[in-house]
Amino acid sequence: MNGTEPVADAMRTRLEAAFDPRELNIVDESEKHRGHAGYQEGGESHFRVLIRSAAFDGQTRIARHRAVHDALGKDLVGRIHALALDIGA
Amino acid sequence: MTDVKTRIGDTVAANDVVLFMKGTKSMPQCGFSSRVAGVLNYMGVEFLDVNVLADEGVRQGIKEFSDWPTIPQLYVKGEFVGGCDIITEMTLSGELDTLFEQSGVAYDKDAADKIREANA
């Protein structure tokens, strides 16, 4: 990530590379949180991700979330204020 | 940092249910913390609330302790259960009830059913 690439694009690239998902939906919900803690002008602070991939088959909920956190990387996870995950096999 | 982790370990060992959250159970300061605290309050679960906003060491330390980057974080019987998304899913699926039953944690089953009915 070069700092100017939109966060959602970087998230999509990394999640596709890691999990080859058959369904991936990334929504920037930042506007819904305008005025709340963590909101920043221009958005890119609050994201909701729905991902479905066979890679999660047989994994516990915690393992699935950790795998997504790892795939996104500390730099991305550290940049966003809130990340809601809906993960399925 | 080692001291902080020891302190966190002692806290989750000494209390059956611990929620690391932003704010307190009576005055949450983040929507995600508020949701999990609200579920536990509504289900009548006795839990210790640890306000990470009141202690920067704990705020960072809990993320390393759990290998989990976000707040809130729920511990039951010393085991990390999950954050807001996982607790919400487990509440609606009934898995949280099962976990409390297996862990010997008292909760109000009728209240849990009401949450599920309201979100069906």
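## Model and numbering

The model is predicted: local features need pLDDT of at least 70, side-chain atom pairs count only at pLDDT 80 or more, and totals for chains, interfaces and linings use all residues. Residues are numbered from 1 along each chain as its sequence is written, while chains are lettered from A and ligands numbered from 1 in the order in which they are written.

## Contact between the chains

Twelve residues of chain A are in contact with ten residues of chain B, contact being C-beta atoms, placed from the backbone, within 7 Å. On the chain B side, strand E4 (79–82) and helix H4 (84–93) each supply at least two residues. Helices (H or I, at least four residues) and strands (E, at least two) are DSSP runs, numbered from the N terminus. H4(B) gives the largest share of this side, three residues.

By type, the side of chain B that touches chain A has five nonpolar, two polar and three charged residues. Ala, Val, Leu, Ile, Met, Phe, Trp, Tyr, Cys and Pro count as nonpolar, Asp, Glu, Lys and Arg as charged, and the others, Gly among them, as polar.

## Backbone features of chain B

The loop between helix H3 (56–66) and strand E3 (73–76) of chain B holds B:Pro72, which is joined to B:Ile71 by a cis peptide bond with omega of about 10°. B:Asp67 is found in the loop between H3 and E3 of chain B; this residue is not a glycine, yet has a positive phi of about 50°. B:Asp67 counts as exposed because it has 11 C-beta neighbours inside 10 Å.

B:Lys77, in the loop between E3 and E4 of chain B, has a positive phi of about 50° and is not a glycine. With 17 other C-beta atoms within 10 Å, B:Lys77 is partly exposed. The classes are buried for 20 or more other C-beta atoms within 10 Å of a residue's own, exposed for 12 or fewer, and partly exposed in between, with C-beta atoms placed from the backbone.

Technical notes. Contact = placed C-beta atoms within 7 Å.
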